[in-house]
Structure formats: C-alpha cells, structure tokens
Amino acid sequence: MGERPARIYREKPNQPYTRQSQKGSKNYISGAPAPRVTQYDMGARNTEFNKSVVLKVEEGCGIRSEALEAGRIAANSHLSKVMDPEEDYYMKILPYPHHVLRYHPLAGVAQADRYYEGMRKPFGRPIGRAALVDDDQEIIRIRVDEDEVQEARKALERANHKMPVTCRVKIEE
C-alpha cells in the first residue's frame, strides 16, 4: 500500500501523540518510525546575509515529514543549481515532526469477518510523523544577499507545491 493522502492527517489533533520509546518504560510509543527529513540546515551556516525569505503557512495544520522532505529537496535543488551552496545561501527547516501518525486498517472485502476483529482495538499502529504548525508559522527560512532574493523566492515557491496547505512566501530584512 502506498502513502495515504495528506488530507487525512491535515487537521491538527487536540493533543499531540509524541512520546518516544525509552528503555524500561511501558507508556511510550514503540515502533514509531523516524522522521523522513534528513537535514534541517543546508548551505553556508556561518555566513551573514542581508535578506531573509520565508515560507509561512496560512492556517494551522499537520505537515507530514515526507512533505517537509519533499519541500526541502525541491528548494535545495533549485538553489544549488543557481548558487554556490558553500557561500551564497543558508536554508533551514524550522518545524520538527514530533507527532506520531496512526493508521487502523479496515477490511473492505466480503467475508472479512473471518480474519478481521472490527473495532476491538481501533487505536491504530504508528505509520509516520508530522509537524504540527500554527497559523502564520514559518516552515522554511532562506537567508541570502540582496541580489539573490528572487532565486530564493522561486525555490520557496517550488517547495510550496509540496505542502498540504496554502502557504505564502514573504521577504524580510
């Protein structure tokens, strides 16, 4: 089975499901998968830049770690083609996917009662991670010099297409 659609997990839950497994503890999540985001900081980390271009969500939601990683790859690949990653920009993924997503599979075929328990244990097993973001929260920040602002904007517009919610690109000082 492939990935479930993002619209299933888009709404923020009332209480995040976040606890990670630790030795000797019984009330922690076991078998929760690791976040798919491989890097949170890219580019020239110790360089000062004039401008900041940010991608902000318009409404609070849950963003799967796969969507964050896809946005990171889209933005970083564009930036590395038009700029030098060692000197010309610094990109950071801001939210961390703490919330563990669950899935309770339902059998939808005839005679499913032979092997399916119904609603006996409907809690679901962990299948992924999501970052819970609030209204107008920053997701990705790119720091560049004045002359590279438009390229950073294009990179964040490409990352915007990977997000499950409407986002805006803003330029800051």
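Guide: Helices (H or I, at least four residues) and strands (E, at least two) are DSSP runs, numbered from the N terminus. By that rule the protein chain has two helices and eight strands, in the sequence order β-β-β-α-β-β-β-β-α-β. This is a predicted model, in which local features need pLDDT of at least 70, side-chain atom pairs count only at pLDDT 80 or more, and totals for chains, interfaces and linings use all residues. Residues are numbered from 1 along each chain as its sequence is written, and side-chain values use heavy atoms, with hydrogens and water left out.

Visitor: Why is Pro164 called buried?

Guide: Buried means under 20% relative accessible area, exposed over 50%, and partly exposed in between (1.4 Å probe, protein chains only). Pro164 has a relative accessible area of 15%, and therefore counts as buried. Of the 173 residues of the protein chain, 36% are counted as buried.

Visitor: What makes Asn160 partly exposed?

Guide: The relative accessible area of Asn160 is 21%, so the residue is classed as partly exposed.

Visitor: Why does Asp136 count as partly exposed?

Guide: Asp136 reaches 46% relative accessibility and therefore belongs to the partly exposed class. Asp136 also has a positive phi of about 60°, although it is not a glycine.

Visitor: Where do Asp136, Pro164 and Asn160 lie?

Guide: Asp136 is in the loop between strand S6 (125-133) and strand S7 (138-144). Pro164 occupies the loop between helix H2 (149-160) and strand S8 (167-172), whereas Asn160 is in helix H2.

Visitor: Which residues is Asp136 in contact with, leaving aside its neighbours within four places in sequence?

Guide: Contact means heavy atoms within 4.5 Å. With neighbours within four places in sequence left aside, Asp136 is in contact with Lys56, Val57 and Glu58. The C-alpha atoms of Asp136 and Val57 are separated by 5.2 Å, although the two residues are 79 apart along the chain. With the same exclusion of neighbours, Pro164 is in contact with Ala6, Arg10, Gly62, Ile63 and Ala67, and Asn160 with Leu55, Val165 and Cys167. Across the protein chain, among contacts between residues at least 6 apart in sequence, 85% join residues at least 24 apart.

Visitor: How do you know that Arg102 lies over the face of Tyr17?

Guide: A charge sits over a ring if NZ of Lys or CZ of Arg is within 6 Å of the ring centre and within 35 degrees of the ring normal. Arg102 is placed over the face of Tyr17, at 4.5 Å from the ring centre.

Visitor: What makes a pocket, and which residues lie nearest the centre of the largest pocket?

Guide: On a 1 Å grid over the protein atoms alone, a pocket is an open set of points where a 1.4 Å probe fits, with protein on both sides within 12 Å along at least five of seven lines; lining residues have an atom within 4 Å of a point. The largest pocket is lined by 16 residues, of which Gln15, Tyr17, His99, Val100 and Arg102 lie nearest its centre. Its volume, about 340 Å³, is the space filled by probe spheres set on the points, with grid points joined across faces, edges and corners.
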